[in-house]
Amino acid sequence: MQNEQPITHAVILLHGLCGSALEMGSIPKALRKNGCAVIELVIPDYSAGHVDASITPNWEDWCAFVESEISRLKVNFKTVSICGLSMGATLALAVASRSNELIAIVALSPVLRYDGWSIPWYQHLMKLPFLLGYKNWSHKESDPFGIKNFDMRRRVANALKKDGVAAVGAAAIPARQLHAAQKMMGYVRNSLKQVKTNILVIHAIDDETASPKNPELILEHVSSEMRKIIWLGDCYHIITVDNEREIVTNETVHFLKKNIEMHINDMSYRDLQNKSPLKDRRG
């Protein structure tokens, strides 16, 4: 039997704030099918089941955790990429602004501001109770739960009621995690020019959590050589499990494969140049 080719490309998946790997839909399976190692991170004080609501996290610790994983993966894999959803996409941008080790980022429904159509006008005032010392409260997820598909929305509502977590994330997000996420969003808004990694953004026009201004700001200010955006017209925020989830999965895999191939070709060219027996005969 012929030996299988070793897997040399790793993709880190970053779910949303207080969410789980369930949010990523069919993306993990599709990436594995296409020869990538899939790393589904569980981040302290960020991932569902690993959050202490009595402790205010530091968003830089989230970044450091991902950066440490990148360093570990670089030992065994030729390339590392990140695919993040919602606040996971924002976290991916934060990491990319501080690291040159990634070859690609896929940012799904990135959030730089909570400014979608379902966000109340007084949202920005909700930080005041926290700053005044009232920190033991949580934001409860509510209909439409980031999903336009009615049947899926109903299943999600039942799962949240039963288990406290579903494909859209957790039933509630503690104030302390929200505060840390707000600080991270502010950092990313001011650091987009530091992002040089090739990037694909996929965003729903009707995203109820983050308006189209979010991806537009990203594409305008990042320094990435390759910048691409795909707009969806039949989804809300959690595009990985909504009506156009197949498009999201296919475009994600295609973009990452393209960047892997580009990296391989570039490395092969450099290797050929270094091994060339031709000498410079000028002079």
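Colleague: How many salt bridges does the rule give in this structure?

Modeller: In this predicted model, the count under the rule comes to seven salt bridges.

Colleague: What makes the contact between Arg98 and Glu60 a salt bridge?

Modeller: The closest N and O atoms of Arg98 and Glu60 are 3.3 Å apart, and the rule asks for a side-chain nitrogen of Lys or Arg within 4 Å of a carboxyl oxygen of Asp or Glu, so the pair qualifies. The two residues come from distant parts of the chain, 38 residues apart, with Arg98 in the loop between helix H3 (87-96) and S4 and Glu60 in helix H2. Glu60 and Arg98 also belong, together with Glu67, to a network of salt bridges.

Colleague: Why is Arg98 called partly exposed, and why does Glu60 count as partly exposed?

Modeller: Buried means under 20% relative accessible area and exposed means over 50%; Arg98, with 34%, therefore falls in between, and so does Glu60 at 37%.

Colleague: Which residue meets Arg72 in a salt bridge, and is Glu69 buried or exposed?

Modeller: Arg72 meets Glu69, with a distance of 2.5 Å from N to O, and both residues lie in helix H2, three residues apart, which is about one turn of the helix. Glu69 has a relative accessible area of 13%, and because this is under 20% the residue is called buried, whereas Arg72, with 44%, is partly exposed.

Colleague: What is the order of the strands in the open sheet, and why is one side of S2 and of S10 left without a neighbour?

Modeller: Six strands form the sheet in the order S2-S1-S3-S4-S9-S10, with parallel pairing. Strand S2 (37-40) and strand S10 (227-232) stand at the edges and each has a single partner strand, so one side of each lacks a neighbour in the sheet.

Notes: Residues numbered from 1 in each chain as written. Predicted model: local features only at pLDDT ≥ 70, side-chain atom pairs only at ≥ 80, totals over all residues. Heavy atoms only, no water. Pairing = 2+ DSSP bridges. Helix = DSSP H or I, 4+ residues; strand = E, 2+ residues; numbered from the N terminus. Buried < 20%, exposed > 50% of the residue type's maximum accessible area, 1.4 Å probe, protein only.
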